[in-house]
Amino acid sequence: MKTAVIVFPGSNCEHDVAQVLRSLGAEPELVFHRDRDLTGADGIVLPGGFAHGDYLRTGAIARFSPVMAEVERHAAAGTPVIGICNGFQILTEAGLLPGAMVANRGLRFICRHVLVRVESTDSVLTRNAGLGDVLRIPLNSYQGNFVLDTDRLAALEDRGGVLFRYVDEKGHPDHTINGATIAGIANAAGNVAGLMPHPERASDGLLGSSDGLVLLESFVASMAKLPA
Amino acid sequence: MSESLHLELGMTDDEYASVVAVLDRPPADAELAMYSVMWSEHCSYKSSRDWLDRFRSDYPWVVLGPGENAGVVDLGDGWLAALRIESHNHPSYVEPYQGAATGVGGILRDIFAMGARPVAVWDAIRFGPLTDSKNRYLFGGVVSGIAGYGNAVGVPTLGGEVEFAERFSNNPLVNVMALGLMKRDQLVTRAAAGAGNVAILLGASTGRDGIGGASILASTSFDEDSSAKRPSVQVGDPFEEKKLIEACLELYENDLVVAIQDLGAAGISCATSESAAAGGMGMTVDLDRVHLRETAMTAAEILLSESQERMLVIVEPGDVADVLATAEKWEINASEIGTLTEGELLEVTMNGVPVASVPAASLAENGPRYRRPAKQPGDLEAIWANAPMLPAVVDVADTVLRMLDDPALADRSWVSEQYDHMLFLQTVVEPGHDGSLLRIRETTKGLAVSTDGDALRCFLDPHRGAERIVYESALNVAVTGAAPYALVDNLNFGNPEKPEIMWQFIETVEGVAAACESLAVPVVGGNVSFYNETDGVDIYPTPVVGMLGFCDPMPAIPPRLDRAQHGMDLWLIGPESGKDFAGSAYSRIVLDNLGGRPAAVTRDIGNAVVAHAVRLASIVPVLHDVSAGGLAVAIAEICIRSGVGASIAEPTWELLLDEAPSRFLAVVPAGDDLGIHDVPARRIGVMGGDKIDFGSNGSAALEEATTVWREAIPRRMDISPSRGVA
């Protein structure tokens, strides 16, 4: 199955995620942000990085890139779409996922492994994972603090749209990392999912963790339209 | 022209006379401005160049030694690595965020100017003590500048080092090393070729920022008016650089580049003259074609602007359209500003009028050279005589806790967690170990890098200190799993017009060169930063070396500090003395003594120790270099990182705290014999328990040691109402 990995100017994780997807049997193709044709894509990845420099709010300009109209059309049609880190930020700016990102609570960039607990398996990113599994995955962001107004947050929680929550060593929700406890969410249909930590960076024990593989395997299985 | 213009531009009367002699006429204003910057210390190495020939790079695996934008070494199977180190000291003092950020940007351009994709950066940074709020501001600003630029440009920062000393209070050091990878057919150089070929300026527009950065900021000493120099600091744009990297790599891939040169110090003057001179060509340059960000710029301003994120690429006329199309794709500016000519003249016009016509090589290669007088500092022998007075009994455990709270020995996660150090899925050993280890995708090859400096020891004995940092760096990459393979050096010194500083410099060069020769490590590049002097106070002489280690195959499970387990044996390999306290952490932190004379490395033993570390790296779980803080701190670091205590059967405190060189620790399964007979090696203890137990020399709770070590930097830097400053 073909996976479109969108490359915005300033993206930098496109090769990494493509490499891991390829190792899982997918056929990733880098698609430049000016392209308007995603015909034949079984899935779409918005990778990490600093699209268009992120001098404004992260993702605020990328949502206007020509390719995004086609991403939105695919998302509406049920194609699996995932956004990792900057990709998640872009999905929220595009309105494909609710919420927004603000600067980390400590006003510093954070690059380290964090623990996240799987809160819902009802998405293209978590279908192969176990509910309640705690995964060790690297976070790598400055504006990673997910915020949402109270009403919509309640609605998101109610419909099981929260996919991941930061937890501490004892499994308690942890807001001390960047200020948020929510690390990833999905839309109501479960085909559009975003998360701040980088599953592709947790794909090889030699690099510190392989806990992210199950998430990308979920995505690959979703693209192949395998029964859940 | 005013008689004193050359003096205002930082040029001596003699240098001005040399320009007149070269041109056989007085220079025009724009020409004089070009010479003043190109002949500055920063660009011309006029005080150091004669000494740098001492470094050897004539080894079979060296593809390009010093003189290009970066050194290049062969990794086999068509793979090449490019490496380079540079300083951005003065700009970082004047404006820490942008100074450090543009330091990263500049070194990356040196790497991709060779055809390589930049894959990693290391930062060696030095500040005054964190008890002072200004030093905290500088430290925090520099780290966030490195993070802000490096993370956004999409090149991981894999570590480096941090040191603190009073001598850096008004002159912090910010050295940055970068590494790039490429296949052999991607290699390009700056040497322009082919009359009629076109010079295209790629990237950011040219403005008035950074004019005179090389001559005003980097080649003079500082005083209290230095903040007035802030306009000479450039402002970085990592997004522009990211696009420039991708565009240039695409140009190389499509074979559209004859030669390429980055624009750094001295901007267009430097890039055009160096490229032309390296190829033995001339060049015409039309300043009207340069894309500008400001109006009414003079010719001199355009020629000297140090606006960031620009490259000069030489292409064949038939390829110009393709180059412009690639630039358009990546949304970067591209302007055809010049044409290569036969001959040697760099001819610059503006508004159709000639503004400069000078031999390219006279700017780039034939600047002045000075053999400045050198003499050993008069007080050095008195400093040697002021050796630390050692007490009879020391509680090693208490001492270790005190040393773990020192910001130079403590946990650096506060720094490295602000850097993206995981991009490219290559980081096998991350920051926080002796060296960092990265794998090369789709190969069995690995590269280890360590940056090392030791300012105080180099002050106490520049030659011995320099040798020691080279050997320490070699051991650092060895315990990380790779054999020393190539070195770059950043030589940070005070005012070279003082004979004592020049003596320190010459001694240092000799020390680095001798150690490298003994280790058979080529010196493939370097940088000299003089005039690190503020209000008459010179910094410690501070050579910083960046060692590249290479392994193929990479150890399947490389050693790490966090892999020690209960019941494993702890071994010490290398010669012990119990006497090397000059410049040690113990003397500095506990005895408050900065005197004495450090021991010299015994080279053949040092070489053997490095070789053993390389061999053991494939078979043992933990290797750790013994350096600042001695054996006791090295043991504590393994315990803290692995979360397991240790019992050490060590009789004397001196052996636990002195810093004799060429030693490392190995943690191995119980009962293993390391089979080392040519250098000292002995089992000194066993891992286990929840204490770091030095027997009769005291015992510290692991948990307390861990907390002290983790909190040392955060508790000084993260100031909130509930958390005062220590």
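Okay, let's start in chain A with strand E10, residues 182-186, which is mostly covered: 5 of its 5 residues are buried. Before I go on, keep in mind that this is a predicted model.

So who sits beside E10(A)? On one side there's strand E9 of chain A, residues 162-167, which pairs with E10(A) in the antiparallel sense over 3 bridges. If you want a landmark there, A:Val162 stands opposite A:Ile185. Then there's strand E11 of chain A, residues 192-195, again antiparallel to E10(A) and joined to it by 3 bridges. Here A:Ala186 stands opposite A:Ala193. E10(A) and E11(A) make a hairpin with 5 residues between them, and in that turn A:Gly190 has a positive phi of about 80°.

Staying in chain A, have a look at helix H5, residues 213-223. How many of its 11 residues are buried? The count is 9, so H5(A) is largely enclosed by the rest of the structure. The buried set includes A:Leu215, A:Phe219 and A:Met223, but also A:Glu217 and A:Ser218. What do they pack against? Strand E1 (2-7), helix H1 (14-23), strand E3 (43-46) and strand E4 (81-84), all of chain A. After the helix comes A:Lys225, with a positive phi near 60°.

For contrast, go to A:Arg73, in helix H2 of chain A, residues 67-76. A:Arg73 has 11 C-beta neighbours inside 10 Å, and the cut-off for exposed is 12 or fewer, so A:Arg73 counts as exposed. Its C-alpha is 9.8 Å from that of A:Leu38, which is 35 residues away along the chain.

Now, over to where the chains meet. 20 residues of chain B are in contact with 20 residues of chain A. Which elements of chain B supply at least two residues each to that side? Helix H8 (133-153), helix H10 (238-253) and strand E14 (427-429). By class, the chain B side comes out as 10 nonpolar, 5 polar and 5 charged.

Two of those elements, H8(B) and H10(B), also pack on each other, at an angle of about 35° and with their axes 8 Å apart. Their crossing is right-handed. From H8(B) you get B:Tyr149, B:Ala152 and B:Val153, and from H10(B) you get B:Pro238, B:Phe239, B:Glu241 and B:Lys242. That contact has 5 nonpolar residues, 2 charged and no polar ones.

Next up is a sheet in chain B. It's open, with 7 strands in the order E23-E25-E22-E26-E24-E27-E28, and the pairing is mixed. At the edges are strand E23 (622-625) and strand E28 (699-701) of chain B, each with a single partner strand, so one side of each has no neighbour in the sheet. From one strand to the next, the twist averages 20°.

At the E28(B) end, strand E27 of chain B, residues 691-693, runs antiparallel to E28(B), with 3 bridges between them. One of the pairings puts B:Asp693 with B:Ser699. Packing on this part of the sheet is helix H16 of chain B, residues 396-404, which touches E27 and E28 and makes about 45° with the direction of E28(B). Another helix, H22 of chain B, residues 603-616, lies across strand E22 (569-573), E23 and strand E25 (664-668), at about 25° to E25(B).

What about the core? The largest nonpolar core has 322 residues, and B:Val400, B:Leu404, B:Ile635 and B:Leu665 touch the most other members. Leaving aside residues up to four places away in sequence, B:Leu404 touches several residues, among them B:Leu409, B:Val633, B:Val708 and B:Trp709.

Most residues other than glycine have a negative phi, and most peptide bonds are trans. In the loop between strand E21 (542-551) and E22 of chain B you'll find B:Pro553, and the peptide bond from B:Asp552 to B:Pro553 is cis, with omega near 5°.

Then two positive phi values. B:Ala266 is near 70°, in the loop between strand E8 (259-262) and helix H11 (267-278) of chain B. B:Asp592 is near 55°, in the loop between helix H21 (585-590) and H22 of chain B. Which is buried and which exposed? B:Ala266 is buried, with 33 other C-beta atoms within 10 Å, whereas B:Asp592, with 8 C-beta neighbours inside 10 Å, counts as exposed.

Notes: Residues are numbered from 1 along each chain as its sequence is written. Chains are lettered from A and ligands numbered from 1 in the order in which they are written. This is a predicted model: local features need pLDDT of at least 70, side-chain atom pairs count only at pLDDT 80 or more; totals for chains, interfaces and linings use all residues. Two residues are in contact if their C-beta atoms, placed from the backbone, lie within 7 Å. Helices (H or I, at least four residues) and strands (E, at least two) are DSSP runs, numbered from the N terminus. Ala, Val, Leu, Ile, Met, Phe, Trp, Tyr, Cys and Pro count as nonpolar, Asp, Glu, Lys and Arg as charged, and the others, Gly among them, as polar. Two strands pair if DSSP finds at least two bridges between them. Axes are lines fitted to C-alpha atoms, for helices over the stretch in contact, and angles run from 0 to 180 degrees between N-to-C directions. A crossing is left-handed if the near helix is turned anticlockwise from the far one by less than a right angle, and right-handed if clockwise. A nonpolar core is a set of buried Ala, Val, Leu, Ile, Met, Phe, Trp, Tyr and Cys residues joined through C-beta atoms within 7 Å. A residue is buried if 20 or more other C-beta atoms lie within 10 Å of its own, exposed if 12 or fewer, and partly exposed in between; C-beta atoms are placed from the backbone.
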